[in-house]
Structures are given as structure tokens and as C-alpha cells.
Amino acid sequence: MKKTLIVIDMQNDFIDGSLGTAEAVAIVANVKAKIDAYKAAGGEIIFTRDTHGENYLDTPEGKKLPVVHCIQGTQGWEISEKLCTEGCDIIDKPSFGWTKWNERSFEEIELVGLCTDICVISNALILKAFFPEAEITVDASCCAGVTPETHNAALMAMKMCQINVIGE
């Protein structure tokens, strides 16, 4: 069975940059270990990058979250250097959830990354809608939310939608 690890938005701005948190910094080693395990097992690994333009503050998202972040081409937009992306696909997504997952095929999916309560949950639910028969898992020990409370709320919501949550 083909196993795919999807690493959501492990970018500098979300870890220790303009929207960084102590919780995000704390999961980097866990995410690295997960990536290393998938590579050793020959699994597929896909990274996503939250990707915005210079006009971010003029967008609907920028008006609701007026913190400049993940501007394409900046250091904050880059995936953390602590995580190896060599040989992996990288998807630049312009919004919370990538809507082109259906152009791929999956049997078993595991998601990790940032932020549990925004982009991780968005992508998990989109994947569940496109691939209702696929096993979809989120490793809570490799995710962090905007706050610990919203992280836990997102994990509960995903469980209610029949997404497996491990690592709590």
C-alpha cells in the first residue's frame, strides 16, 4: 500500500517568524524524525508552502489576518532548513487548503505540520472529501496550532470526520 506523508506549511514564518510560536518550534524535531522514517521506508513525501504575494494585506485573508507572512521568495516563505525536502514534491498553495489534491492518487495519507487549526484541518478535510476510502491520519505530536486550545479543537473536529488522530 502506498503511504504518503504530507508536511503542511513547515515554513520559517510559521515556526519562528512573523507567526511563529513556541509550540511550532517544539514540533520541528518530531516532524524531521517523521520525514526521515518515511524516507527510510521509501514513502512518498509532499510538502506544502503557504504562498502569498506582495499584495497580501489587500487580499481577503490579509484583511482578516493582517500579519505579513509567507511572501513568495522571502526567507519566511521557505521551508525550515532543519527539514530535508530533497526528492520531495513541493506544492505552493495560495490558500489554507489545496484544492487540487484530486489530481493525484492516494491510498494512505498522514499529515503533519502547521497550523493544526487552519491549514492542517483544511487539507485533511479536503483530502477526506476527495478520497473517502483512503486512510487519513494526523499525528498530533507533529502539529501545532495557533494556540493549544485551538489545536485540540481541530484534532477533535478531525476525529469527528473520521480522520485518525495519533500522537496525543
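With 168 residues, a compact globule would have a radius of gyration near 15 Å, and the chain agrees because its own value is 15 Å; the radius is taken over C-alpha atoms, and the globule rule is 2.2 Å times the number of residues to the power 0.38. This is a predicted model, in which local features need pLDDT of at least 70, side-chain atom pairs count only at pLDDT 80 or more, and totals for chains, interfaces and linings use all residues. Residues are numbered from 1 along each chain as its sequence is written, and side-chain values use heavy atoms, leaving out hydrogens and water.

**Overall build**
- The chain holds five helices and six strands, taken as DSSP runs numbered from the N terminus (helices H or I, at least four residues; strands E, at least two).
- Along the sequence the pattern is β-α-α-β-α-β-β-α-β-α-β.
- Of the 168 residues, 46% count as buried, meaning under 20% relative accessible area with a 1.4 Å probe, protein chains only.

**Sheet**
- Six strands form an open, parallel sheet in the order β3-β2-β1-β4-β5-β6; two strands pair if DSSP finds at least two bridges between them.
- β3 (89-93) and β6 (164-166) are at the edges with a single partner strand each, so one side of each has no neighbour in the sheet.
- Strands β1 (residues 3-8) and β2 (residues 44-50) run parallel and are joined by five bridges; Thr4 has Glu44 of β2 as its bridge partner.

**Helices on the sheet**
- Helix α2 (residues 22-40) packs on the sheet and touches β1, β2, β4 (108-114), β5 (135-144) and β6, where contact means heavy atoms within 4.5 Å.
- Helix α5 (residues 148-160) lies across β5 and β6.

Note on methods: Axes are lines fitted to C-alpha atoms, for helices over the stretch in contact, and angles run from 0 to 180 degrees between N-to-C directions. Buried means under 20% relative accessible area, exposed over 50%, partly exposed in between (1.4 Å probe, protein chains only).
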